[in-house]
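Please read the explanation below with the sequence and the model side by side.

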Amino acid sequence: MKKRIIIFTVLIILLVSGVVIGVYANSSNTDAKPDKAKTSTTTNKPKSTTKEEKKPADTATDKKDSSNETSKDTVTDDKGVVTKGSSDVEKNAPAKNSTGSKEQNKSETPTTPTFSLSTSGFKTSKVAPVLGGNVTTTYLSSTPSFQKIFQNLTIEINQYKVEHVVNADKNVSASNPESFLANKNGYVITLDISIKNTSTKDKMYKADQISLVGANEFAGGSLDNFVPSNYHLIGSKSDPYNFTAGKTARGLLTFTMTEDVYNDIASNPKIGVPNPDKFDSTISQDKAGDDIVVAFPVK
């Protein structure tokens, strides 16, 4: 009997234990499900939060980029110079700009142009290097101002200028005709002349006998004074006064004078151009044509 009671008691204990274990297991499963849901929610929430927080981050980045863009356009160095470009470039920009500016200024530094018969080249003084002092152009005619068609020669003044010499201070050899104005004030008038031989034979003409005439004074011309070697008026290689048939010679003729002579000529200026017949041995002087004298402003 006792043995049955013991067995029965053990069975009851096992049955109760099984119920308890089952209840506990159900309870554990019930608790686990909410935790899983909670974990899932917690896991998803950060993802959602990350997406939501990305916008402020982007905004901050945009602001930073905007700040950088502003910085690119308005970077100021320690000298107060505002330049453009990336930050690294901007730090070096002033130095580069400064160098570029110096090189540009250096390249733009005015240099004395070479003398020529072009409109601009003709303005270059060939008097100043010889006499020194202060040489200024007081009158300039850059267009043809005189043309005379003679029987065999056509003489034309393409352009001319008047230069005033003040306080000439260079030493010029007394044997040099240009020494006339050495260490004194005066004027040099330079004519760019063309002489064309329209005949079929060579013709002689002495352009240095062209003169400037005033009220009471006059000045004779020179083919050498202040004339660069490349611009001498030469009729031909064999004879500067002998102009080749069918050819045009072009060069310079100058007039050197004191201030008093210039002022007299300037008061009533004229140019006297000899007729080519005077230099033609085949034509008698009594049949030679007249010289040409016309007004010729010099100021």
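Is Asp-192 buried or exposed? In this predicted model, Asp-192 has a relative accessible area of 0%. Buried here means under 20%, so Asp-192 counts as buried. The residue lies in strand β6, which covers residues 186–197. Leaving aside neighbours within four places in sequence, Asp-192 is in contact with Leu-117, Phe-122, Glu-156, Ile-157, Asn-158, Gln-159, Arg-250, Gly-251 and Leu-252.

Eleven of the twelve residues of β6 are buried, so the strand is largely enclosed by the rest of the structure. Strand β6 pairs with β5 in the antiparallel sense, over twelve bridges. Within that pairing, His-164 has Tyr-187 in β6 as its bridge partner. Strand β6 is also joined to β11 by eleven bridges, and these two strands run antiparallel. Here Val-188 stands opposite Thr-256 in β11, and Ile-195 stands opposite Ala-249 in β11. Strand β11 is itself mostly covered, with eight of its eleven residues buried. As a general point, the side chains of a regular strand alternate between the two faces of the sheet.

Now consider the nonpolar residues. In soluble globular proteins, nonpolar side chains tend to be buried together. The largest nonpolar core of this model has 34 residues, and those with the most contacts inside it are Leu-191, Tyr-205 and Met-257. Strands β5 (153–166), β6, β11 (248–258) and β12, together with helix α4, each supply at least two residues of this core. A second, separate core has ten residues, among them Leu-131, Val-135, Val-172 and Leu-181.

What does Tyr-205 touch, not counting residues up to four places away in sequence? Its contacts are Leu-153, Ile-155, Ile-195, Ile-210, Tyr-241, Phe-243, Val-273, Pro-274, Asn-275, Pro-276 and Phe-279.

Helix α4 also has a covered side to examine. The buried residues of α4 are Val-261, Tyr-262, Asp-264, Ile-265 and Ala-266. What covers them includes β5, β6, β8, β9 and β11. An α-helix has 3.6 residues a turn, so residues three or four places apart point the same way.

The aromatic rings come next. The structure holds six aromatic pairs. In one of them, the rings of Tyr-187 and Tyr-262 have their centres 3.7 Å apart and their planes at 15°, so the pair is stacked. This pair links distant parts of the chain, since Tyr-187 is in strand β6 and Tyr-262 is in helix α4 (residues 259–267), 75 residues apart. Tyr-187 and Tyr-262 are buried.

Why is the pair of Tyr-205 and Phe-279 edge-to-face? Their ring centres are 5.2 Å apart and their planes stand at 80°. Planes over 60 degrees apart count as edge-to-face, so this pair falls in that class. Tyr-205 is in the loop between β7 (203–204) and β8, while Phe-279 is in the loop between β12 (270–273) and β13. The two residues are 74 residues apart, and their pair too links distant parts of the chain. Both Tyr-205 and Phe-279 are buried.

Phe-115, Phe-122 and Tyr-231 form one aromatic cluster. Lys-161 lies over the face of Phe-122, at 5.1 Å from the ring centre. Phe-122 is also one of the residues in contact with Asp-192. Elsewhere, the charged end of Lys-184 sits over the ring of Phe-180, 5.3 Å from its centre.

One more sheet remains to be described. Four strands form an open sheet in the order β9-β8-β12-β13, with antiparallel pairing. Which strands stand at its edges? They are β9 (218–220) and β13 (292–295), and each has a single partner strand, so one side of each is left without a neighbour in the sheet. From one strand to the next, the twist averages 20°. Strand β8 (residues 211–213) pairs with β9 over three bridges, in the antiparallel sense. In this pairing, Leu-212 stands opposite Ala-219 in β9.

How values were computed
Residues are numbered from 1 along each chain as its sequence is written. This is a predicted model: local features need pLDDT of at least 70, side-chain atom pairs count only at pLDDT 80 or more; totals for chains, interfaces and linings use all residues. Side-chain values use heavy atoms; hydrogens and water are left out. Buried means under 20% relative accessible area, exposed over 50%, partly exposed in between (1.4 Å probe, protein chains only). Contact means heavy atoms within 4.5 Å. Two strands pair if DSSP finds at least two bridges between them. Axes are lines fitted to C-alpha atoms, for helices over the stretch in contact, and angles run from 0 to 180 degrees between N-to-C directions. Rings of Phe, Tyr and Trp (its six-membered ring) pair if their centres lie within 6.5 Å; planes under 30 degrees apart count as stacked, over 60 as edge-to-face and the rest as tilted. A charge sits over a ring if NZ of Lys or CZ of Arg is within 6 Å of the ring centre and within 35 degrees of the ring normal. A nonpolar core is a set of buried Ala, Val, Leu, Ile, Met, Phe, Trp, Tyr and Cys residues joined through side-chain atoms within 4.5 Å.
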